Amino acid sequence: MVLFQVDGLSGTGKSTLYEELSRRGYDAVDSDTVFAYYGDPLTGTPTAVERRANWQWDGQKLREFAQATQDAGVFICGGAMNQNDFVDLFAIRFTLHIDSETMRQRLLTRTNNEYGKNPNDLAEQLELNQYVPEEAKRIGSIVIDATRPITEVADEIVRSALRT
């Protein structure tokens with residue numbers, strides 16, 4: 001199985017990258033719409049409490065998908081709080097990173113998602129953003145500068161993925 005995860009904080013370009021990879025004809029999945037849900041972090045039971053700590057991947061769905069696509073290379077665009085439980089499924093993990101001013105601008109002006117417009121959510125994302133490169137390297141993820149045009153970001157990710 002050859003799955004490639006592309007993760008990053010809100011506003012880093014995961015959904016835009018998914019669209020670009022799909023436009024180019026690559027197999028790509030927006031994990032937010034296919035695998036993710038709000039669930040209790042301890043039990044996995046679905047919950048109506050929509051907070052960052054509850055954003056989970058459905059492990060059974062993800063593992064079944066990985067098994068069904070074992071002969072194909074697929075880019076899984078997105079992340080969840082339990083994503084490290086599935087590290088064994090990914091050949092390579094990428095983490096999109098942007099500077100804090102770009103993050104602020106993207107979150108406040110985006111039209112496809114309201115997350116990050118609330119001052120508390122924005123402050124949390126900006127705080128977390130300080131530690132992204134260090135954390136990504138700690139888990140073995142390749143840090144990608146996502147301040148560049150999405151075509152350049154996609155080029156770099158595809159080049160790295162094809163080397164595996």
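Which side chains meet in a salt bridge at 2.8 Å, N to O?

## A bridge across the sequence

In this predicted model, the side chains of Arg 24 and Asp 155 form that salt bridge, with 2.8 Å from N to O. Arg 24 is placed in the loop between H1 and S2, whereas Asp 155 belongs to helix H7, so the pair ties together parts that are 131 residues apart in sequence. Both partners are partly exposed, Arg 24 with a relative accessible area of 29% and Asp 155 with one of 32%.

## Helix H1 and its surroundings

Helix H1 covers residues 14–23, and its buried residues are Lys 14, Leu 17, Glu 20 and Leu 21. Viewed down the axis of H1, these buried residues fall within an arc of 120°, so they line one face of the helix. Glu 19 and Arg 23, on the other side of H1, are exposed.

The buried residues of H1 pack against strands S1, S2, S5 and S6 and against helix H7. After H1 comes Gly 25, which has a positive phi, near 95°.

## Nonpolar cores

The largest nonpolar core contains 24 residues, and those with the most contacts inside it are Val 6, Leu 17, Leu 21, Phe 75, Phe 94, Leu 96 and Ile 157. At least two residues of this core come from each of S1, H1, S5, S6, H4, H5 and H7, and H7 gives the most, with 5 residues. When neighbours within four places in sequence are left aside, Val 6 is in contact with residues including Lys 14, Leu 17, Phe 94, Leu 96 and Ile 157. Apart from this core lies another, of 13 residues, among them Ala 36, Leu 62, Ala 66 and Phe 90.

Leu 3, in strand S1, is buried, with a relative accessible area of 0%. Leaving aside neighbours within four places in sequence, the contacts of Leu 3 include Phe 65, Ala 66, Val 74, Ile 76 and Phe 90.

## Other salt bridges

The structure holds 7 salt bridges. One of them joins Arg 104 to Glu 101, with the closest N and O atoms 3.5 Å apart; these two residues are 3 residues apart in helix H4 and are therefore separated by about one helical turn. Arg 104 is partly exposed, at 33% relative accessibility.

In helix H6, Arg 138 and Glu 135 are likewise 3 residues apart, about one turn of the helix, and the closest N and O atoms of their salt bridge are 2.7 Å apart. Arg 138 is exposed at 60% relative accessibility, while Glu 135 is partly exposed at 34%.

Conventions:
Residues are numbered from 1 along each chain as its sequence is written. This is a predicted model: local features need pLDDT of at least 70, side-chain atom pairs count only at pLDDT 80 or more; totals for chains, interfaces and linings use all residues. Side-chain values use heavy atoms; hydrogens and water are left out. Buried means under 20% relative accessible area, exposed over 50%, partly exposed in between (1.4 Å probe, protein chains only). Helices (H or I, at least four residues) and strands (E, at least two) are DSSP runs, numbered from the N terminus. The arc is that of the directions from the helix axis to the C-beta atoms. Contact means heavy atoms within 4.5 Å. A nonpolar core is a set of buried Ala, Val, Leu, Ile, Met, Phe, Trp, Tyr and Cys residues joined through side-chain atoms within 4.5 Å. A salt bridge is a side-chain nitrogen of Lys or Arg within 4 Å of a carboxyl oxygen of Asp or Glu.
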